[in-house]
Amino acid sequence: MTRESDPTRLADSIAVICVRLMRTLRGLSRSADLTEPEISALSAIVYSQRVLARDLAGMEGVTPATISRLLAEMEAKGLVKKALDRQDARRQWITATPLGKRRIDEGHSRRVGSLAITLAR
């Protein structure tokens, strides 16, 4: 074995581990009442603290129409609230409600807790 192949093998092993880890963490993120797109968008909203609807569409890689439908569903579940910009009524600010933030925090705790237990073994 040459020295040059060692970094390649290591990189390959890390890539495999990362894929497995992401699958495991994604499984821990699942929720009975939230869809994966809702979890993804809600997480972006929580960590951004507030975000324009059009910017959220860009972050999530969806159309404005799609993000509008998603936000309507999330608002009906009490996860987010919308507010018009005071200077430009065409702009809509999105923030997480306390329930929305709690749901993201709970998912984060589940994933980190599980990972910590695995690492402690």
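Asp 33, Arg 103 and Glu 106 are tied together in a network of salt bridges, a salt bridge being a side-chain nitrogen of Lys or Arg within 4 Å of a carboxyl oxygen of Asp or Glu. The exercises below start from there. The model is predicted, so local features need pLDDT of at least 70 and side-chain atom pairs count only at pLDDT 80 or more, while totals for chains, interfaces and linings use all residues. Residues are numbered from 1 along each chain as its sequence is written, and side-chain values use heavy atoms, with hydrogens and water left out.

**Exercise 1. Follow the salt bridge between Asp 33 and Arg 103, and find which parts of the chain it links.**

Step 1. Start with the distance: the closest N and O atoms of Asp 33 and Arg 103 are 2.8 Å apart.

Step 2. Now place both ends. Asp 33 sits in the loop between helix 1 (5-29) and helix 2 (36-48), and Arg 103 belongs to helix 5 (residues 98-120), so the pair links distant parts of the chain, 70 residues apart. Helices (H or I, at least four residues) and strands (E, at least two) are DSSP runs, numbered from the N terminus.

Step 3. Check accessibility. Buried means under 20% relative accessible area, exposed over 50%, and partly exposed in between (1.4 Å probe, protein chains only). Asp 33 is partly exposed at 42%, and Arg 103 is also partly exposed, at 21%.

**Exercise 2. Compare the span of helix 5 with its expected value, then name buried residues in this helix.**

Step 1. The expected span is 1.5 Å times one less than the number of residues. Helix 5 has 23 residues and reaches 32 Å from its first C-alpha to its last, close to the expected 33 Å.

Step 2. Gly 100, Ile 104 and Gly 107 are buried in helix 5. As a reminder, an α-helix has 3.6 residues a turn, so residues three or four places apart point the same way.

Step 3. Look for the cover: helix 2 is included in what covers the buried residues of helix 5.

**Exercise 3. Work out the surroundings of Asp 85: is this residue buried or exposed, and which residues does it touch?**

Step 1. Asp 85 lies in the loop between strand 2 (80-84) and strand 3 (92-96). With a relative accessible area of 13%, Asp 85 is buried.

Step 2. Leaving out residues up to four places away in sequence, Asp 85 touches Arg 91 and Trp 93 (contact means heavy atoms within 4.5 Å).

Step 3. Arg 91 and Asp 85 form a salt bridge of 3.3 Å, N to O. Arg 91 is partly exposed, at 25%.
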